[in-house]
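Try each task before reading its solution.

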Amino acid sequence: MTLASAPADVSADGQAVRILLVDDQELVRAGLNMVITHAPGLELVGEAGSGAEAVRLAAELRPDVVVMDIRMPGTDGIEATRQITAAAGPGPRILMLTTFDDDENVYGALRAGASGFLVKDMPLVEILAAIRVVAAGDALIAPSVTRRLIADLATRPGPAALRRALPAVTEREREVLTLVARGLSNSEIAGQLMIGQATAKTHIARLLTKLDARDRVQLVIAAYDAGLVTPAG
């Protein structure tokens with residue numbers, strides 16, 4: 001999975017990134033607790049052992065990022081994510097964490113509003129980098145996952161008349177949106193279009209605003225809805 005360029009070790013307002021850790025396995029929570037607690041710019045504000053508890057603590061503690069296990073008894077991570085992202089007002093970014101790297105979980109997590117998907121056996125340094133990436137408002141989607149997500153979206157019924165128009169999007173922004181939907185990182189987009197990374201990031205920020213998108217996941221969906229990309233690529 002390709003990570004976007006790592007941002008600073010603080011949230012957008014200059015404060016430490018506040019994290020809620022959710023996993024039904026105490027041993028996993030203990031390990032991540034130790035790593036997060038000693039990482040610069042990160043603050044662990046709470047832990048939960050179930051999806052229901054995660055929903056309650058997310059509303060109470062208002063973290064920047066929720067590191068969420070997918071498979072838990074009762075309310076699982078996908079349903080908890082759906083409830084957290086559906087709550088009124090700006091909510092936390094959700095980073096899904098699981099031992100199972102299968103399509104069903106990837107799709108379910110992204111559709112529920114998750115901004116990233118990681119497997120528990122990834123190096124801890126990559127998990128910390130992922131937390132910082134999603135806290136900065138970016139998303140973690142591998143190109144292969146992006147292609148399969150678009151293919152999955154293509155199975156949704158809906159008349160062609162409902163396909164999304166992009167009247168406010170410039171031609172350059174359409175190019176950037178297409179490359180985002182193909183799974184390219186900011187640096188790869190900059191190289192493809194021969195522009196600076198800062199310029200690429202600015203285009204993406206404008207797209208997020210114009211399309212009222214939460215993150216890159218929703219930009220992928222918008223690109224599909226507009227017909228800019230297809231399951232065949």
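**Exercise 1. Find which residues lie nearest the centre of the second largest pocket, and describe its lining.**

Solution. Start at the middle of this pocket in the predicted model: Ala58, Arg62, Pro90, Gly91 and Pro92 lie nearest its centre. Next, widen the view to the whole lining, which comprises 15 residues. Two elements contribute two or more residues each to that lining, namely helix 2 (51-61) and helix 3 (77-86). Now sort the lining by class: 9 residues are nonpolar, 4 polar and 2 charged. Finish with the volume of the pocket, about 300 Å³.

**Exercise 2. Work out how helix 7 and helix 9 are oriented to each other, and which residues meet.**

Solution. First locate the pair: helix 7 covers residues 171-181, and helix 9 covers residues 197-210. Their axes are 10 Å apart and form an angle of about 90°. Angles of 65 to 115 degrees count as roughly perpendicular, so helix 7 and helix 9 are roughly perpendicular to each other. Then list the partners. From helix 7 come Arg172, Glu173, Val176, Leu177 and Val180, and they meet His203, Ile204, Arg206, Leu207 and Lys210 of helix 9. By class, this contact holds 5 nonpolar, 1 polar and 4 charged residues.

**Exercise 3. Repeat the analysis for helix 7 and helix 10.**

Solution. Helix 10 spans residues 216-225, and its axis lies 8 Å from that of helix 7, at an angle of about 110°. Helix 7 is therefore roughly perpendicular to helix 10. On the helix 7 side the contact uses Leu177, Val180 and Ala181, while helix 10 supplies Arg216, Leu219, Val220 and Ala223. Sorting these by class gives 6 nonpolar, no polar and 1 charged residues.

**Exercise 4. How confident is the prediction, and what is the pLDDT over residues 1-8?**

Solution. Begin with the chain: its mean pLDDT is 81, with 79% of residues at 70 or more. Then turn to residues 1-8, where the pLDDT is below 50. Beyond near neighbours in sequence, this stretch has 18 contacts in the model.

Conventions. Residues are numbered from 1 along each chain as its sequence is written. This is a predicted model: local features need pLDDT of at least 70, side-chain atom pairs count only at pLDDT 80 or more; totals for chains, interfaces and linings use all residues. Side-chain values use heavy atoms; hydrogens and water are left out. pLDDT is the predictor's confidence in each residue, from 0 to 100. Contact means heavy atoms within 4.5 Å. On a 1 Å grid over the protein atoms alone, a cavity is a set of points where a 1.4 Å probe fits but cannot get out, and a pocket is an open set with protein on both sides within 12 Å along at least five of seven lines; lining residues have an atom within 4 Å of a point. Grid points are joined across faces, edges and corners, and a volume is the space filled by probe spheres set on the points. Helices (H or I, at least four residues) and strands (E, at least two) are DSSP runs, numbered from the N terminus. Ala, Val, Leu, Ile, Met, Phe, Trp, Tyr, Cys and Pro count as nonpolar, Asp, Glu, Lys and Arg as charged, and the others, Gly among them, as polar. Axes are lines fitted to C-alpha atoms, for helices over the stretch in contact, and angles run from 0 to 180 degrees between N-to-C directions. Angles under 35 degrees count as roughly parallel, over 145 as roughly antiparallel, 65 to 115 as roughly perpendicular and the rest as oblique.
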